[in-house]
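These are my notes from going through one protein chain. I looked up its layout and then followed a few residues.

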Amino acid sequence: MLLPVAVFLGFAGMAGWALMRPDPEAVPSAFVGREAPSVGAAALPGKVPLTDEMLRRPGVKLVNFWASWCPPCRAEHPTLTELSKRLPVYGVDLKDPEAAALGFLSDHGDPFHALAADPRGRVAIDWGVTAPPETFIIDGSGRILYRHAGPLVREDYANRFLPELEKALAGR
């Protein structure tokens with residue numbers, strides 16, 4: 001007789017905890033506040049290769065995990081193009097054939113200041129990426145300030161990502 005009551009109380013406790021979280025849509029990242037992991041050594045042919053040293057240069061920068069086969073990545077591409085006019089945007093092409101990635105960038109424009117390739121998804125695992133697109137805000141010492149899972153579009157971009165980016169740019 002006590003089992004149904006215990007199950008109900010357990011469920012109610014978990015639901016209450018979930019409702020009390022500050023942003024129930026946010027996916028927590030264990031990497032926020034820590035140094036950005038390595039981006040590996042693989043690069044796309046003909047593109048500026050992304051290096052770990054680039055992530056430690058002064059100033060705020062973005063690291064975006066993307067793929068040509070990813071519809072949300074295509075949706076956020078214009079946003080990345082606009083952001084690349086304000087600050088360095090680095091890309092990590094995830095599990096993508098080189099020809100497909102290069103074709104996508106040729107057709108839609110290349111907003112990335114430098115690119116890394118992650119054909120087997122090992123770099124994404126090191127960064128805690130669950131699925132593309134994911135964008136990280138990195139500070140001038142190479143620390144991860146914020147992780148945004150999902151495309152940088154519409155209200156999610158305006159209400160969640162932009163405030164974090166402005167805070168990083170203001171040095172707060």
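Predicted model: local features only at pLDDT ≥ 70, side-chain atom pairs only at ≥ 80, totals over all residues.

**Entry: Pro-132**

I started with a proline in a loop. Pro-132 sits in the loop between helix H5 (122-127) and strand S4 (134-138).

Next I listed what Pro-132 touches, leaving aside neighbours within four places in sequence. The contacts are Phe-65, Trp-66, Trp-69, Cys-70, Cys-73 and Leu-94. I also looked up Pro-72: it is 60 residues from Pro-132 in sequence, yet the two C-alpha atoms are 7.8 Å apart in space.

Then I checked the peptide bond that leads from Pro-132 to Pro-133. This bond is cis, with omega near -5°. Pro-133 has its place in the loop between H5 and S4.

**Entry: the chain as a whole**

I stepped back to count elements. I found 6 helices and 5 strands in the chain. Read from the N terminus, their order is α-α-β-α-β-α-β-α-β-β-α.

The chain has 172 residues, and 41% of them count as buried. Its accessible surface comes to about 9,300 Å², and carbon and sulfur atoms hold 63% of that. I also looked at how far apart in sequence the contacting residues are. Among contacts with a separation of 6 or more, 73% are between residues 24 or more positions apart.

**Entry: the sheet**

In what order do the 5 strands stand in the sheet? The order is S3-S2-S1-S4-S5, in an open sheet with mixed pairing. S3 and strand S5 (144-149) are the edge strands, each pairing on one side only. On average, neighbouring strands of this sheet are turned by 15° against each other, direction ignored.

I also looked at what lies across the sheet. Helix H3 lies across S1, S2 and S4, and runs at about 160° to S1.

**Entry: strand S3**

I wanted to know how many residues of S3 are buried. In strand S3 (residues 114-118), 5 of the 5 residues are buried, so the strand is largely enclosed by the rest of the structure. I checked the two faces separately. Ala-114, Ala-116 and Asp-118 are on one side, Leu-115 and Ala-117 are on the other, and all of these are buried.

S3 runs parallel to strand S2 (residues 89-94), and 5 bridges join the two. Leu-94 stands opposite Asp-118 in this pair. To get from S2 to S3, the chain passes through helix H4 (residues 98-108), and this β-α-β crossover is right-handed.

**Entry: the nonpolar cores**

I then looked up the largest nonpolar core, which has 24 residues. Which of its members touch the most others? They are Leu-62, Trp-66, Leu-83, Ile-137, Phe-161 and Leu-165. Strand S1 (61-66), helix H3 (71-83), H4, S3 and helix H6 (154-169) each give two or more residues to this core. H6 gives the most, with 4 residues.

Leu-83 touches Leu-62, Val-89, Leu-152, Tyr-157, Phe-161 and Leu-165.

There is a second, separate core of 20 residues, and its members include Tyr-90, Ala-116, Trp-127 and Ile-138.

**Entry: positive phi**

Last, I looked for backbone angles to write down. Lys-95 has phi near 50°, a positive value in a residue other than glycine. Lys-95 is in the loop between S2 and H4.

Arg-154 is not a glycine either, and its phi is positive at about 45°. Where does Arg-154 lie? It lies in helix H6. I also noted that Arg-154 is exposed, with a relative accessible area of 65%.

Note on methods: Residues numbered from 1 in each chain as written. Heavy atoms only, no water. Buried < 20%, exposed > 50% of the residue type's maximum accessible area, 1.4 Å probe, protein only. Contact = heavy atoms within 4.5 Å. Areas by Shrake-Rupley, 256 points an atom, 1.4 Å probe, with all protein chains shown as cover. Pairing = 2+ DSSP bridges. Right-handed = clockwise from strand over helix to strand, strands pointing away. Core = buried A, V, L, I, M, F, W, Y, C linked by side-chain atoms within 4.5 Å. Axes fitted to C-alpha atoms, helices over the stretch in contact; angles between N-to-C directions.
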